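The following note sets out numbered points on the structure shown below. Each point may be read alongside the sequence and the coordinates.

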Amino acid sequence: MIAIPYLTLLTTYFSYGLLFVFGHIRDLFRNITGWFSSNNLQGYAPICLGQEDFYLRRLYFRIQDCFARPISSAPGAWFDVIERYSNDNNKTLKRTTKISRCLNLGSYSYLGFSASDEYCTPRVVESLKKYSPSTCSSRVDGGTTVLHNQLEEYVANFVGKPAAIVFGMGFVTNSAIIPALIGKGGLIISDSLNHSSIINGARGSGATVRVFQHNSPSHLEEVLREQIADGQPRTHRPWKKIIVIVEGIYSMEGELCKLPEIITICKKYKAYAYLDEAHSIGAVGKTGRGVCELLGVEPADVDIMMGTFTKSFGSCGGYIAGSKELIQYLKYTCPAHLYATSMSPPAAEQIISAIKVLLGEDGTSRGAKKLAQIRENSNFFRSELLKMGFEVLGDYDSPIMPIMLYNPAKIPAFSRECLKQNVAVVMVSFPATPLLLARVRICISASHTKEDLVKALEVISQVGDLVGIKYFPAEPGNQQQEEKMLKLD
Amino acid sequence: MFEASLNSQIEISSAMASAVLKIVNTTLDWVTFALDAPSARAVVFGVQIGGHLFVEVLLLVVILFLLSQKSYKPPKRPLTKKEIDELCDEWVPEPLIPPLTEEMQSEPPVLESAAGPHTVVNGKEVVNFASANYLGLIGHEKLLASCTTALEKYGVGSCGPRGFYGTIDVHLDCEARIAKFLGTPDSILYSYGLSTMFSAIPAFAKRGDIIVVDEGVHWGIQNGLHLSRSTIVYFKHNDMESLRNTLEKVTAENERAKKLRRYIVVEAVYQNSGQIAPLDEIIRLKEEYRFRVLLDESNSFGVLGSSGRGLTEYYGVPIEKIDIVTAAMGHALATEGGFCTGSARVIDHQRLSSSGYVFSASLPPYLASAAITAIDVLEENPVLLKKLKENIALLWKGLSDIPGLSIASNVESPIVFLKLEKSTGSMKNDLILLEDIADRALKEDNIFVVASKRSTIDKCRLAVGIRLFVSAAHSESDLRKASASLKRVAALVLRS
């Protein structure tokens with residue numbers, strides 16, 4: 001639940017209104033001048049229809065320098081951001097050779113495996129020399145190496161399931177698995193704030209999709225009861241199967257999912273549960289095993305567990321873990337397994353080494369230290385931000401902290417001011433979030449030291465005062481202020 | 001007597017009738033008088049109000065009253081809580097997966113070394129025809145050197161999507177290099193080959209647009225078409241007559257085609273059959289009927305054309321005529337990922353609206369630097385292309401006289417596709433025979449070939465077969481061994 005103060009709501013609407021009006025006026029001028037210049041595409045409809053890229057041309061281009069900033073070093077705790085300049089009012093940006101060393105608060109590197117690591121990198125280079133960067137073949141043809149089988153075993157053990165299958169990209173994992181599991185005549189019930197890959201997979205499968213209110217088990221139960229009683233649309237035949245899809249940590253809110261209640265409901269109504277742990281595997285839980293460990297849910301209760309290796313393990317790819325029969329069936333029919341090039345062997349080696357470090361099999365206690373560090377870092381940072389009066393979303397223990405901005409003008413202001421002081425942050429606005437709810441998203445890593453965090457807090461506090469986003473008073477838990485706000489879901 | 005009684009009857013009946021008539025008339029006069037009396041002298045708006053107006057008004061009121069009555073609907077009875085509970089208890093879902101059959105249990109062979117022209121499977125060294133390593137770049141020292149430098153500098157993963165600090169300078173360099181090599185204004189990198197097409201198509205085609213596509217395209221394209229929700233029309237595989245007829249039909253049916261975007265989607269070298277699309281004919285048709293062309297050059301980039309620039313160079317067509325070119329880099333370039341190239345407007349649009357680019361982590365930097373090195377090696381050594389062409393010709397000659405198997409692919413395609421001359425009628429049985437051939441070739445002659453497998457959700461209905469991927473690094477003896485072995489094994493399996 002996000003509560004916007006009244007004044008902020010009005011000013012945000014006003015700002016967007018102004019931007020739209022100006023955008024339309026400029027479009028009008030563009031159309032007028034366009035009448036005179038001829039277009040050589042006679043008889044073709046334009047490839048991008050008029051209003052589709054209105055947001056892109058008129059709003060996004062003004063603040064384009066806050067996004068897609070190139071870096072020239074590894075995405076560790078500190079990295080080099082390449083400076084860019086523009087000659088035509090931000091429409092095109094040109095690279096310079098100047099770099100500035102900034103504190104990294106935006107990359108998804110929760111356990112600090114992103115840069116060169118003392119245990120993992122030598123092994124990765126060795127496997128590169130042995131297996132080459134790619135196998136140029138799909139898993140069923142000639143692309144399964146010893147490393148792939150080893151990786152699948154390791155992942156299955158780590159997550160707590162009998163078997164697992166890995167793919168070269170996390171997005172494709174969702175998009176290619178969901179159509180293989182469910183088709184026309186089935187029902188998918190997904191959380192309203194699910195990631196785009198899940199929506200893609202659900203649409204591609206041909207099943208009916210229904211949405212339940214974000215993280216609300218009671219609404220899920222209502223939707224399930226209604227749907228089972230009604231049956232398929234128009235024919236009212238009973239559904240073939242129902243799959244409920246939730247995520248472990250929601251990347252735009254930083255919230256943990258209410259997993260135990262949702263699993264109880266799924267079991268009661270005989271629906272299958274699909275858990276997407278893209279951000280939570282390796283980052284939460286005492287030994288890094290994800291939300292199941294943190295919230296005390298048995299892995300055997302979740303039918304399908306999915307996750308990616310990009311965030312905590314510093315590599316690329318995704319996995320699905322489940323029962324042996326499920327994995328065997330997926331290996332037989334999943335298109336990503338049959339047609340796509342198999343995962344790059346050095347990347348597989350990186351994951352195996354990272355898991356070994358986490359479990360302590362490399363002979364040191366670095367893994368346990370990393371896990372404790374990230375929990376400590378995130379809780380410390382979050383409590384300090386709340387003390388300063390920022391509106392921070394999410395739960396304790398989650399390493400993602402969105403700070404609300406609301407006003408569109410504050411997006412570039414915050415970003416550029418922070419960059420001047422050598423702190424690199426990530427701004428999130430439409431279309432990843434609703435139009436009015438723009439935010440800054442901070443991702444904490446285990447490789448941040450205490451000094452880094454203190455510096456970051458100083459800079460954020462300073463810039464926050466300048467830009468004016470301390471919506472709450474500096475003491476936490478002031479009841480009067482909250483009653484005056486407009487509640488917005 | 002008779003006539004008298006008849007006359008008297010007529011008289012009586014007429015008297016009765018006239019009496020009844022008189023009564024009715026008197027009543028009517030009385031009623032009229034009664035109604036007229038109150039308003040006998042009223043004139044409203046120049047209309048004399050007569051008594052009949054009251055009757056008409058009354059009738060109108062009665063009609064309106066009846067119309068306003070609600071029609072009878074059977075009362076709604078929503079399900080009670082107890083009934084919903086019962087329904088939920090009775091409902092039995094299907095199992096998540098269908099029961100496993102024997103064919104689902106097969107395991108692919110496991111490689112124990114790099115997937116080069118010779119590789120180690122189950123401890124034995126075999127000749128590898130299952131990797132699309134067309135230029136033989138797997139294991140090339142320059143590639144390995146550049147990857148190692150990149151690994152030590154950047155680590156493995158890029159830890160973020162392109163919009164949030166996942167853009168590393170090697171990505172920008174790689175995009176510029178590809179654009180320079182192909183001669184287009186700009187290009188965009190995707191982190192996985194399969195996701196390139198199914199993210200690019202929905203960015204440019206929405207509900208209502210028309211897409212004409214070959215029926216033999218691979219699953220990535222089919223998924224992209226499904227996600228775009230446009231009208232899809234298939235034409236016969238690689239048949240230009242069928243394409244012309246389909247285009248004719250489609251333009252005739254849709255007169256309001258000014259607002260619609262119309263696309264033709266083809267692959268340069270088809271993954272499912274090895275045929276090469278006749279690009280010059282397609283360009284002629286495209287200009288005649290005003291369609292845009294999307295070309296998937298995964299298996300022709302780095303293979304066809306005198307300097308490896310793909311199908312456009314092979315047919316001498318300027319690349320500006322193709323609107324969108326995509327390719328997966330997991331074939332000739334011996335790395336992973338994919339790219340898309342075209343005009344600046346096309347590429348810029350994808351940077352914000354292509355879901356596989358915006359919502360997914362970017363390509364690991366070492367793979368991007370491998371791509372740059374691969375293109376450099378290709379440009380410096382055009383002899384690799386010549387060697388590849390020679391190898392393809394040799395293999396073609398060797399495999400063209402196998403009894404029971406015929407070559408279904410084009411004579412210049414790097415995928416040599418063998419299919420059964422006489423199909424058994426069902427795809428499953430065909431596949432059993434072909435897999436038997438492939439197994440025996442591996443076990444007995446150390447030749448690693450694979451039969452093409454189809455997923456259950458794939459819509460392509462072309463014949464299955466055995467695929468051989470020819471590489472520039474294969475030696476003549478490898479190719480001769482392969483032909484001899486396949487001849488022997490095919491004769492053995494197909495005769496029985």
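How many helices and strands does the secondary structure of chain A come to?

1. Chain A comes to 16 helices and 15 strands, where helices (H or I, at least four residues) and strands (E, at least two) are DSSP runs numbered from the N terminus. For chain B, the secondary structure comes to 16 helices and 16 strands.

2. On conventions: this is a predicted model, in which local features need pLDDT of at least 70 and side-chain atom pairs count only at pLDDT 80 or more, while totals for chains, interfaces and linings use all residues. Residues are numbered from 1 along each chain as its sequence is written, chains are lettered from A and ligands numbered from 1 in the order in which they are written, and side-chain values use heavy atoms, with hydrogens and water left out.

3. Buried residues account for 63% of the 489 residues in chain A and for 53% of the 496 residues in chain B. Buried means under 20% relative accessible area, exposed over 50%, and partly exposed in between (1.4 Å probe, protein chains only). The accessible surface is about 18900 Å² for chain A, with 55% belonging to carbon and sulfur atoms; for chain B it is about 23200 Å², with 60% from those elements. These areas come from the Shrake-Rupley method with a 1.4 Å probe, and for residues only the protein chains shown count as cover.

4. Of the contacts in chain A with a separation of 6 or more, 71% are made by residues 24 or more positions apart. Among contacts in chain B between residues at least 6 apart in sequence, 68% join residues at least 24 apart. Contact means heavy atoms within 4.5 Å.

5. Chain A carries 51 positive and 46 negative charges, whose mean positions are 5 Å apart. Chain B has 52 positive and 58 negative side chains, with the centres of the two sets 2 Å apart. Lys and Arg count as positive and Asp and Glu as negative, while His and the chain ends are not counted; the place of a charge is NZ of Lys, CZ of Arg, CG of Asp or CD of Glu.

6. How many residues does the contact take from each chain? It takes 109 residues from chain A and 108 residues from chain B. The area buried between the chains is about 9600 Å², and carbon and sulfur atoms give 64% of it. Trp91(B), Leu96(B) and Tyr165(B) supply 11% of the area that chain B buries against chain A, more than any other three residues. Buried area is the accessible area (1.4 Å probe) that two parts lose on being put together, summed over both.

7. In helix H6 (residues 196–205) of chain A, eight of the 10 residues are buried, among them Ile198(A) and Asn200(A). H6(A) is followed by Gly206(A), which has a positive phi near 90°. In helix H7 (residues 219–228) of chain B, nine of the 10 residues are buried, so the helix is largely enclosed by the rest of the structure. The buried residues of H7(B) include Trp219(B), Gln222(B) and Asn223(B). Just after H7(B), Arg229(B) takes a positive phi of about 60°.

8. Leu259(A) lies in helix H8 (residues 259–268) of chain A and is buried, with a relative accessible area of 1%. Leaving aside residues up to four places away in sequence, Leu259(A) touches Val246(A), Leu275(A), Val291(A), Cys292(A), Leu295(A) and Val297(A). Leu259(A) and Val297(A) are 38 residues apart in sequence and 7.5 Å apart in space, C-alpha to C-alpha.

9. Ala68(A), in the loop between helix H2 (54–60) and strand E2 (78–85), has a positive phi near 50° although it is a residue other than glycine. Is Ala68(A) partly exposed or buried? At 27% relative accessibility, Ala68(A) counts as partly exposed. Tyr406(A), in the loop between strand E11 (400–404) and helix H14 (410–420), is not a glycine and has a positive phi of about 70°. Tyr406(A) is buried, with a relative accessible area of 0%.
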